[in-house]
Structures are given as structure tokens and as C-alpha cells.
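Here are some friendly notes to read alongside the structure. Please keep the view open as you go through the points.

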Number of protein chains: 2
Amino acid sequence: MPEIPYRIYLSEDEIPKQWYNMAADMKDKPAPLLNPGTGLAMTAEELSPIFCEELSRQEVNISDAFIDIPEGIREFYKAFRPSPLIRAYNLERALDTPARIYCKFEGNNTSGSHKLNSAAAQVYYAKQQGITSLSTETGAGQWGTALSMACAFYGVDLTVYMVKGSARQKPYRKAVMESFGATVIASPSDTTNSGRAILEKFPGTDGSLGCAISEAVEYAVTHENCRYVLGSVLNQVLLHQSVIGIEAKAAMDKIGEYPDLVIGCAGGGSNLGGLMSVYMREKLQGRKAPRFIAVEPASCPSLTRGKYAYDFCDTGKTTPLAKMYTLGCEFQPSPNHAGGLRYHGMSPILSKLYADGILDEARGVEQTKVFDAATLFARQETILPAPESAHAIRVTIDEALRCKETGEAKTILFGLTGTGYFDMQAYMDYTSGKMTDYIPTDEDLQKGFDGLPQVAG
Amino acid sequence: MPEIPYRIYLSEDEIPKQWYNMAADMKDKPAPLLNPGTGLAMTAEELSPIFCEELSRQEVNISDAFIDIPEGIREFYKAFRPSPLIRAYNLERALDTPARIYCKFEGNNTSGSHKLNSAAAQVYYAKQQGITSLSTETGAGQWGTALSMACAFYGVDLTVYMVKGSARQKPYRKAVMESFGATVIASPSDTTNSGRAILEKFPGTDGSLGCAISEAVEYAVTHENCRYVLGSVLNQVLLHQSVIGIEAKAAMDKIGEYPDLVIGCAGGGSNLGGLMSVYMREKLQGRKAPRFIAVEPASCPSLTRGKYAYDFCDTGKTTPLAKMYTLGCEFQPSPNHAGGLRYHGMSPILSKLYADGILDEARGVEQTKVFDAATLFARQETILPAPESAHAIRVTIDEALRCKETGEAKTILFGLTGTGYFDMQAYMDYTSGKMTDYIPTDEDLQKGFDGLPQVAG
């Protein structure tokens, strides 16, 4: 009988009372957002027509390491946190590996993902400020679902621009958001100037996250008492997602485990940024720390093949500029790409850490191999993972198999960000053998780089 | 700050070590299964060509109150149990009720339901006996999914006959089962004699659970080293599901709560039978006990409008006869009925308890009101419930609102059997206003009763 249980739960009073802000401990700070008109760093005041005030302050806060979580957010967190830490004994047995595999499972709520952590915070602050409606974009649908749940809970109206390809692949995601009271519009749409412009330039396009962002931002600034919210990339989102890492470390500490490897999928960076947060703190403070690995799709390889440069966060070039690893804001992932992790850029904080060699490694993986890993994991651990999470599972399995070869008993912690219940079209493509891989050529990528804005920095 | 947390978890060593068998404590025993040829009670030996040996013994065991759970099953249980007990504070607040509302949530695994509790046991025993393949039916899809998960875990082949209407409404349920390695066939099909006969009699039928059972049983008895397994109705299934009630009572005891009302949806009876198990024991032993309420769809009202009589468990009339509340094995629920709880009969144990007035009450509820309740619950508690579970939520809300009128602070425990992630077509019908209600007329029901077999008893 193993002494460490299969699922390790913290108690309700161990839900974090403060978020952790990695930027505060970074000696070399992430580059600030720039005003594309002036080329100057954006202040909280300048951001506040887009984001609500408290979130604007959090966005530019690079000095406070810990920020209190308001009681009104912790109350909502109690409905789905603390999330379990899972010891993947069954997977270990199936792989016959000496590695000890843990994952922090964030899918135990209807959004099926970690996104609800930031949605709760963003809607709460908006409500506090008297904002009556929000707009956002969603790709795979987790963020839109999470936000619709938080909006239902706090009583705020919501309009979601959903990437058209995802909306078609996942009609039921739309239905979930509508069940929680949100209005869902497939993007690009004719409801905004940026949507109409993209439709004209790329008729028949499946859309992209960058394009949906343009529409959602436009919606927010053209509607009264409305603000825009974003589920990844931003510093504020990484801040809120630090609850993942804080809880994970508390649970690991409790059972006397310390990870050799921390592995997370990275699309915009919110999950990995959250998962590694307090472990990264140890590294930033010069102490012993795990090796950090970011995993991304080979078909949308911003960290592994992108450029570290200032770029727009959206296709319509309406947002502030962020310095990040990017494929260019006009990059459109291949239509055969299943679901999330299709964003052209990457969190400025993660980008800076990666550029400085502090985030140790990034790997691109092909999607059929990702679904091999997803299916193996599901059959052993009773949880059908989100395709996004399965990127981390792929590398976890690869590392565990390497341990089998070398005989090393490494401790691996990965982020099981969510469940795949609304990704069944992709699973169907996989089980029926119809799923294909795609790796962009250098020429494909060059097209995206050609669209990068000319900015100093 | 409330002292009772939102989610109450037991520790892994509190996973039950024994199942509880209500039949052992019933003074008046449930009627035995009859051999339709001889009219005599079936023995374990007679059942064993259909079920594996240990399950056959459990099926006829009406004397042992507690039966050990093998370690090999508890090992699998650890991947998804103990399941949380949820204090629905947010729902209480939204209803402004003095009632205290608890639910035992069984949806925290990919099957999205409690069905995995019995699937684990049934596949384990089959594997122990050297059985290499299993067949079953599934209606809403939870049972088939649960079984495909257990078969993947223990390494047993699986063929699932899925009710055709559900297969059409829920294409992704099929995909989940296939992701776990199962073969899924829409029923009625041309792969069995009973399927072909039903197709001939009712061309274009959407199928029914009773019909899918006929096909699955036929598949099992015509294939070598194959057995049939069933997800509800049977005594063995209620036995396995007692883990729900044992854990629920342990958690309630721990926080010093005792339910005034125990409310569960009832299709075949596995959930309610499991949830009430050890609370029912107190009543069977003459002690103080909660009031037990079974909730069923008004469109498939076996307890509230059925007959207590011997009937076949399947449409093809191939199974043993069970004495139960039944609408007649040829009863076909209306096509507008969403998802599960569409079985014509009811667990013989629950039927006997209800006939004797020990199971206190049964209520039929209409599906639009069920989805009103589902949506309200989801928006407050972050879990989109399965339509089946929402039947219990409907009556829980009704009772909580009655408490608001009377000022009584009743303690309510209901079974949140699962999640609705694969029921989005029904939610779409509801949110778009297309969902309708259906209540069969007495004449409709009479047609089903006319098909009841002529049996003594």
C-alpha cells in the first residue's frame, strides 16, 4: 500500500489568501506594454479604458510579490478549490517507470480548466467597479466557459467572440456558455469593424484568437460601462493563476515531495506561469529549483521558433504592444490544428524568463503524439484530458520513459489543466485515424514575421 | 465564515472496505428473479451463463448485510473516490432558504456519473474469472462510458449497444467510449436476432434501453467467454452503489449533520438505492431515519404510475423476470424525452421498499422544470448537472422553497449523480425554448401494461 494517496486534497482554509507575482522577484523585469501610438510604456491609467482599474494596476505591478485575494473571490474559489494534486500511480505502473508522476488537476469544474481562477478575479473586480458587462474572446472555449460561469455567479452580462473554427468543432461549448447566460458570437463576425475587415481580407477564414481579441476589444470600447477581459498572456492573468502553483507546492510539501521537473503546456502561458509560480520564486531568489519545461504544439511554435519582439496581441492590431515570443500577429494556425494553444504570442513574463534562460526549456510536440499520450493517460487515470493538457502529458511520458532507461527516479509535476469533454471531435479524428500533423515551414513562419510592427525595444 | 466547508472530502482510507446490502436487513425480502420458462426463482448457478459467478452470487444474496470490497476494486476506486460531499451554500443563498442543502457529487470522473462504482466491480470480477469480453447496453451513455473506462483499466474487451436516439443526440458519448477502446453499436441493430426483430416491428424506432438490453444479452450468450453486465436495476448494482451512501453518511456524520430528506433521481434505481443505503439501514432496523424521496420523469413514470408486477427487464423478453414497478417492457418513452431515466422498470429492491411504504415517496417531474432547476444550480454551484441529477435538484429546490415558506431549516441530502457535459443538445433545446413536456395518458400507459407477462406472484 502506497503511503501517498492517489489524490491529495488541501483543506478549504489552505486556499491561498494571496497571489504571487513573479515579476516582483525578477531582477530583469518583463518588458512593459507599449502604447502603439507613442511607443511609450502604458500606465495603469492608460489601460483603464480597456481593463477595469484594479486589473490595470495589477497589470503594471512589477514590485509587489504578494497581492491579497479579496474575500469575495475566495468565496467563489471555495466552490471549486483547492483543486486536487493527483499521484498518477496507474500511469507510472503502465509505463513501468521509476519516476514519480504528479499532476495538479484544474478540470474539476464545468469550465473544465484552470481558466476559472482568473475569470473569478476579473469579473469580481469589474463588478466592484460597477461595470455591468464584459466582452472577451475564446479559442478552444475554456476561457469563454469559465468567464460565463463567473459572470453568472457575480451577475455581470457577457459577450463572447468565439474563434469560428472552434465554434464549428465544438457546438456544445457554445451551448454551455449559453446555459450560463452568455451571448456567443462566432468570430470573425460582422458585428465589429475589425471583424468585417478580416472577413474581407480572408473570406472563409476559420478565425483566430488574435482576430477574436480584436473584435472583443472593439466591442468593449464601443459599449457603455463595458470592459474587455482576457484569459491568458497578461501579467494579471499569470498573477491570478499563481493559485495553481501555490496549492501544488503546499500539497507537494505536505507529502514531502519536491519536483525535479515542472512541465506545463503553454499557449498564452497562463497555466505554466501559474503552475511554476512559487517554484520559480525559489530560482529567482537563487535557491535550488526544479527544471521548468514549456510544451507547445509543433504547429504553433511561438517559443521554439518564434521571435522575441514587440507585437500586437491581436490580429486587428488594436491592442497595446507586448514584447513576447511571437509568430507575428497575422499568423494563422493550420486548420488541422485541434483546439487551443493556437495563439501567436506568449506571456511577456514567460517570454522574458525564457529569453534569459531562467525558464529552462521549450519543446514543440506533434498532435498525433499528443493524442497518443492523452489516450494512454485517460485509460489509466480515468480522466480524459484536454488536448492542451495532453501536450504536458506527452513530455511527462517522454521524461518518465527516459527515467526508465537511466534508472533515475525523478519526481515530475505537470499541469493537468483540464478535461477534453468538449474536444471530442478531435478525439474522434484521432481514434478514426484521420488526425494529421502539421509543422510550418520556415517560409510559412516568415510570412508571420514580416507582419511584425516596427518598434524600438 | 461558515464552519462547514463548501466541499467535504474524506481521506483515501475512508473509502468503504465493505458494501452494504439492503436486502439483508429487509424483513420482507424483494421478490426473486424468476426463470420465465419454469416460473421458479433463479439460482446463482442459473444466472451464471449471463453474469459472472461472483456477481451471480451477489445477485441472489439477501442474507449478508456487508460484503467485502476486494482490494483490486478499491485500488481502482482510489482514482476517483472518495467523492466530495458538497454544501450548496450558493444555491441556498440564491433561494434565500433556511434549508441546509448537501449533495453527494459522483461526477468527478470522465464517465461523469456514479456508474463507475459498479462498472469497476463488475469488470474486476469478470477479469478474475478469466472472462475476456463483456457486452452491455447504454441509454444516456454514462453506463457505457463508465464500463469502457473500467474495461480499459482492467484490460477486458467491450461491446456497447447504445440506444439509437441517444447515439444520435450524443455523438460525442460514443467518441468517449471509443477513446477508451470500446466498440459501440447503435441499437436496435442488425447484429442480433432481437435487434432485427424490433427493427421489423418498429421500423425507424429510436430504440429503448429495454431493446438494447436484449441485444447485449444476446451478444453475450452467443460469444465465447463473454458475459453481460448491467448498470442499474439489479441487486448487485445497488450493492456496489452503496459506497455513495456509506461515504455520504460518513461525511455528514463528520460535520454533525443528519438529513431530514434524502432525495435521488430514479431511473433503474442504482443511484437512489446507493445514496440511501446506510440511511435506509437505520429505518430497516427500526431507528430514526430520513424521509426518502424518489424522483422520476413525468414522461416515464414507473413508480408513480406503473404497476408492481413481474415483467421482463428487456423489450425482447429474453431476460429473467423481475418483480418491480413497471410500465411494461414494451413501453417506449416519448422521443422528446431528454436522455436517461427512460427505463420501463425499477430496481426490485426499491420497488419492494416503495410498495411497503418504507421508501416514503415518489414524485414525477416535467422536464422543462427539471432544466429550470439544472440551470439555476449550475449558475450557482459551477457544476452543470446531468439531466438525470437535475430531477433530484428540482425536488430539492421545491423542498427548500417550502422551507422558506414554513421557516423550517431542514437538512436535505440529494444525489448529484453526474455532469451534463454530453447532454448539451438537451440544454440547447432548453435554452432555445424548444424543449417541450410530455405526460403519457392513461391510454398510452395501458398499452404498456397490456404487454405484461402472465406470471403468478
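Is the crossing of helix 6 of chain B and helix 7 of chain B right-handed or left-handed? The first point below takes this up, and please keep in mind throughout that this is a predicted model.

1. The crossing of these two helices of chain B, helix 6 and helix 7, is right-handed. Helix 6 covers residues 116-128 and helix 7 covers residues 142-154, and their axes lie 8 Å apart at an angle of about 40°.

2. Helix 6 of chain B contributes B:Leu116, B:Ser118, B:Ala119, B:Ala120, B:Gln122, B:Val123, B:Tyr124 and B:Lys127, which meet B:Trp143, B:Ala146, B:Leu147, B:Met149, B:Ala150, B:Cys151 and B:Tyr154 of helix 7. By type, the contact of helix 6 with helix 7 in chain B has 12 nonpolar residues, 2 polar and 1 charged.

3. Another helix pair in chain B is worth a look. Helix 16 (residues 367-381) and helix 17 (residues 387-406) of chain B have axes that come within 8 Å and cross at roughly 85°. Helix 16 and helix 17 of chain B are therefore roughly perpendicular to each other. On the helix 16 side the contact includes B:Phe371, B:Leu376 and B:Phe377, and on the helix 17 side it includes B:His391, B:Ile393 and B:Arg394. The residues of this contact between helix 16 and helix 17 of chain B divide into 10 nonpolar, 1 polar and 3 charged.

4. How many aromatic pairs does the structure hold over all chains? The count is 41. In one of them, the ring centres of A:Tyr6 and A:Tyr89 are 4.8 Å apart with planes at 50°, so this pair is tilted. A:Tyr6 sits in the segment before strand 1 (7-8) of chain A and A:Tyr89 in helix 5 (residues 89-95) of chain A, so the pair ties together parts 83 residues apart in sequence. A:Tyr6 is buried, at a relative accessible area of 2%, and A:Tyr89 is buried too, at 10%.

5. B:Tyr20 is buried, with a relative accessible area of 1%, whereas B:Phe66 counts as partly exposed at 32%.

6. Back in chain A, one aromatic cluster is formed by A:Trp19, A:Phe76, A:Tyr77, A:Phe80, A:Tyr124, A:Tyr125, A:Phe153 and A:Tyr154.

7. Is A:Glu92 buried or exposed? A:Glu92 is located in helix 5 of chain A, and with a relative accessible area of 9% A:Glu92 is buried. Beyond its neighbours within four places in sequence, A:Glu92 is in contact with A:Arg87, A:Thr97, A:Ala99, A:Arg100 and A:Ile101.

8. Lastly, please find A:Val262 in strand 10 (residues 261-265) of chain A. A:Val262 counts as buried, at 0% relative accessibility. Not counting residues up to four places away in sequence, A:Val262 touches several residues, among them A:Leu275, A:Tyr279, A:Phe292 and A:Leu413. A:Val262 and A:Gly415 are 153 residues apart in sequence, with 8.2 Å between them in space, C-alpha to C-alpha.

Methods. Residues numbered from 1 in each chain as written. Chains lettered and ligands numbered in written order. Predicted model: local features only at pLDDT ≥ 70, side-chain atom pairs only at ≥ 80, totals over all residues. Heavy atoms only, no water. Axes fitted to C-alpha atoms, helices over the stretch in contact; angles between N-to-C directions. Helix = DSSP H or I, 4+ residues; strand = E, 2+ residues; numbered from the N terminus. Left-handed = near helix turned anticlockwise from the far one by under 90°. Contact = heavy atoms within 4.5 Å. Nonpolar A, V, L, I, M, F, W, Y, C, P; charged D, E, K, R; others polar. Phe/Tyr/Trp six-rings, centres within 6.5 Å; stacked < 30°, edge-to-face > 60°. Buried < 20%, exposed > 50% of the residue type's maximum accessible area, 1.4 Å probe, protein only. Parallel < 35°, antiparallel > 145°, perpendicular 65-115°, else oblique.
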